[in-house]
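This briefing is meant to be read alongside the sequence and the coordinates.

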Amino acid sequence: MICAAVALLGVMSAWAQEGKVLEVVSPDGTHRAVFRQQENVAGANEVRYSVSFKGKEVVKDSRAGLEMDNRVWEMALGVRDLVQTPSWMSRLEADSVKHHPLVDCVWHPLYGERSTVSERYRSATLYLSAKDGSDYRLNIEVRAYDEGVAFRYFLPEHPKAIFHKVTADLTEYTLPEGTLAWSEQWAQAFFEHTLIKEIKRPVERALTLELPGGVWAALTDADVDDWCLTRFVASETDDNTLQSVMYSPVDVVTYYATPWKVIMAADTPGGLLEHNDIIQNLNPPCEIADTSWIKPGKIMRSTVISTEGGMATIDFCAAHNIPYMLYDWKWYMPCTSHDGDATKVVGEVDMAKVVAYGKEKGVGVWLYVNQHALMKQMDELFPLLQKWGVVGVKSGFVQYASHRWATWVHDMVRKAAKHNLLMNIHDEFRPSGFSRTYPNLLTQEGICGNEEWPDATHNVTLPFTRMINGAADYTICYYDKRLKNTHAHQLAASLVFYSPLQTILWYDTPDRYQGEPEMEWFEQLQTVFDDSQVLSGYPGRHIVMARRKGAEWFVGAMTNNDGSTETVDLSFLQPGQTYLACLYTDGGEEVKSRTGVKCSRLLVDSRQTLKFALKPRGGAAVRLVPVSKEEGRGYRKYRGQTL
C-alpha cells in the first residue's frame, strides 16, 4: 500500500470550530456529512446527522446512535445509584471534534474487479461522554470518501464494565420524499420496487435507492465480522425514514468498534457498482502472510457422486480450462444431520484416487460440507481435508445472522486459512469486505441465483443491488431445459456477476456438451480483472459491462424479459489499436445448434460503437483481443450493422 497523509484543508463551519459539530467533505468535494448533538422535543440529547452529494440531500436530518441495556453489569459491580435514562444516548454530551489528516492510498488486492484500488477520504471523530459518573463514552468516527460516506460507533475502554449490551441500532435514514427502493426481504429473494415508506418488513443490504433529482444511493455496511445482521424497515412514525433492525443483541467488551455504515451516492446506478471498493477499503488489510496458494478460477461440480463421475468431470474441466471440480453434497452421509461424519467418505468415492487424478490433470478438488458437520467437526475436519489434498470447502446452510453465528462463520474462514483451504459460503450469507482481510474466502452466495431459475428482469436488477456488496456465486447454468433466459444471456451473466470463483455449468454433466462452439467463451473467461466499467444500465431494464484482464477486454450485455436495443461505445479500448471482436449473440433459427448462439469475428477499434438487438430475455458476450495487422488478415471489419 502506498499512502500519503496530508493536513486537512478547507474551511469548517463556525459550529465545527466550536467543537460541537462534525463536518467532513470528501477529497473531490462531492460527499458531505454533518454530525451534531441536539435536544429532541422531549428535551433529551440526541445525535443527528445528514449526508449530501453534490449539494443535493441524500440522507436528511436523521438520528444516530446505539441503545444499551447495561443494568446487569452495573448492578453486578455495585454501581446501583445510576439513573436509568429512557435512552442510553441521552446520557451523553458532545465534548469535541477532531479532524484527521487526509488519507490518500493506492493498494493492490490479491484479486478483484480492479487490480488497483484507490482509497481517498477525509475523516473526523465526534467525542461524547456521560457526565453522571458512569464513565460512559462514545466516539463517532466519520469518513467522507470520493465514493460515499461511512461512519461507525467506537466505545472506548470502560474502566469498570464487564461488557456493554447493545440492544438496538438507533441509526435512521430520512430520505427525500418520493425515494424508490429495490428491496429484498431475504438474501435469496426476488425484488420489490416500491417507495421506501412501503417497506413494511426488514430488507437486506445493499439497499439501492433512486432519489428524486437524479441521484442514486445505496445503504450497506462493511467490516461485519463481530456483529449481527442489520437490515432496514420503514418507520411507523416518521415519513420517508428507514430504521435499522438488529437481528439480535450484541454483547461487546470495550474498547470496541461497530461495523461501518456506508451511504454511497452516484449520478447513475452503474456508478454505485463501480464505486463498491469503498467496502473493501473499510476492512483491515490481508492477515494471511503467504497467499501463494489462493488462486481464483472457474469451477464445475460433479453431479454424480462416484469415483468415475468425479474423474469424468475432472477430464472435462482439464479440457476446457476449468481449474476446479466440486463434489457437492452426499459425498459423506447423512450430510444434513448431526449424525453425519464428514471425516468418512461414502463407499462410491475413492477420494484419494480422485484428488490425485485431479492433481495430475491440474484440477483442484473442492468439497461441500453442511453446517452440521462444521459445527461438530471443523477443528478435526479442516486439517484432515488439507491432508487429503482438498483445496477448498463450500459450506452449506450455515447460520450467519445473530451475533453468535456471525462470529462463528467468520472464524470458520480464519480456521480454513490456517489449513490452506479456500472457502465458498453458500445460502443467505452476504459479503461485507471480509475477503480483503481473509482472501481465502473467494466467494459466497447470498443471491437469488440460477438454482432458483430467475427471469431476465431479475438478473438485470442484481448488478445494481446485490453485486454492490461484492462477489456472488450465481451458479451459472447452461444446458438445462429449465432455463428461462437465452444462452447468450447466460454467457453474459458469467461476466457481469463477478465472482473470483465462478461456478459454471451448474446442473450440467460432461456428456451434455455436444461441441457447441461458444464453449470457447467459458474457456477464455477470466474471473478476476484489472479494470471494470459499467457502460450503461438501469435496474430491471438492462446492463452493459466491460472488464479488462491484461490487454484483453470482455463485455457482457443483458436485457430484461422484454428485450432491448443496446449500444457499446468502444472508446474504452486503446486508441490506434485494432481488436478482434469474438461475438456471441442469440442468432435464432439460422444457427444450426441447440443453443442458438451465433459466434462471429469482426475487427473493431476504439472509434466504433457496437449495436445489438437483444431478444427478450437475451444477451450478448464479446471478447476483444488486440491483434496486429497481419493477425487481422482474413477478418471483416465491423461496419456499424446491428448484431
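In the largest nonpolar core, which has 123 residues, the members that touch the most others are Tyr327, Val369, Met412, Ile425, Leu505, Trp521 and Phe522. Helix H8, covering residues 403–418, gives this core its largest share, seven residues. The model is a predicted one, and the values below are to be read with that in mind.

**Nonpolar cores**
- Leu505, one of the residues that touch the most other members of the largest core, is in contact with Met300, Phe316, Ile476, Tyr478, Tyr479, Met519 and Phe522 when residues up to four places away in sequence are left out of the count.
- Another core, of 59 residues, lies apart from the largest one and has Tyr49, Val97, Leu128 and Ala181 among its members.

**Largest pocket**
- The largest pocket holds about 450 Å³ of space, and its lining consists of 31 residues, with Pro109, Tyr111, Gln280, Ser435 and Arg436 lying nearest the centre.
- At least two lining residues come from each of three elements, namely helix H4 (277–281), helix H9 (434–437) and strand S28 (441–444).
- Sorted by class, the lining is made up of 17 nonpolar, 10 polar and four charged residues.

**Cysteines**
- The structure contains zero disulfides; Cys448 takes part in none, and the nearest cysteine sulfur, which belongs to Cys477, is 12 Å away, whereas a disulfide would need the two sulfur atoms to be within 2.5 Å.
- Cys448 has a relative accessible area of 1% and is therefore counted as buried, and Cys105, with a relative accessible area of 4%, is likewise buried, because the cut-off for burial is under 20%.

**Backbone geometry**
- Most peptide bonds are trans, and most residues other than glycine have a negative phi.
- Thr254 and Tyr255 are joined by a cis peptide bond with omega of about 0°, and Tyr255 sits in the loop between strand S20 (250–252) and strand S21 (256–257).
- A cis bond also leads from Met333 to Pro334, with omega near -15°, and Pro334 is placed in the loop between strand S24 (324–327) and helix H6 (351–361).
- Asp135, although not a glycine, has a positive phi of about 65°; this residue belongs to the loop between strand S9 (117–130) and strand S10 (137–145) and is partly exposed, with a relative accessible area of 34%.
- Asn321, also a residue other than glycine, has a positive phi near 60°; the loop that holds Asn321 runs between helix H5 (307–319) and S24, and at 48% relative accessibility Asn321 counts as partly exposed.

Terms used. Residues are numbered from 1 along each chain as its sequence is written. This is a predicted model: local features need pLDDT of at least 70, side-chain atom pairs count only at pLDDT 80 or more; totals for chains, interfaces and linings use all residues. Side-chain values use heavy atoms; hydrogens and water are left out. On a 1 Å grid over the protein atoms alone, a cavity is a set of points where a 1.4 Å probe fits but cannot get out, and a pocket is an open set with protein on both sides within 12 Å along at least five of seven lines; lining residues have an atom within 4 Å of a point. Grid points are joined across faces, edges and corners, and a volume is the space filled by probe spheres set on the points. Helices (H or I, at least four residues) and strands (E, at least two) are DSSP runs, numbered from the N terminus. Ala, Val, Leu, Ile, Met, Phe, Trp, Tyr, Cys and Pro count as nonpolar, Asp, Glu, Lys and Arg as charged, and the others, Gly among them, as polar. Buried means under 20% relative accessible area, exposed over 50%, partly exposed in between (1.4 Å probe, protein chains only). A nonpolar core is a set of buried Ala, Val, Leu, Ile, Met, Phe, Trp, Tyr and Cys residues joined through side-chain atoms within 4.5 Å. Contact means heavy atoms within 4.5 Å.
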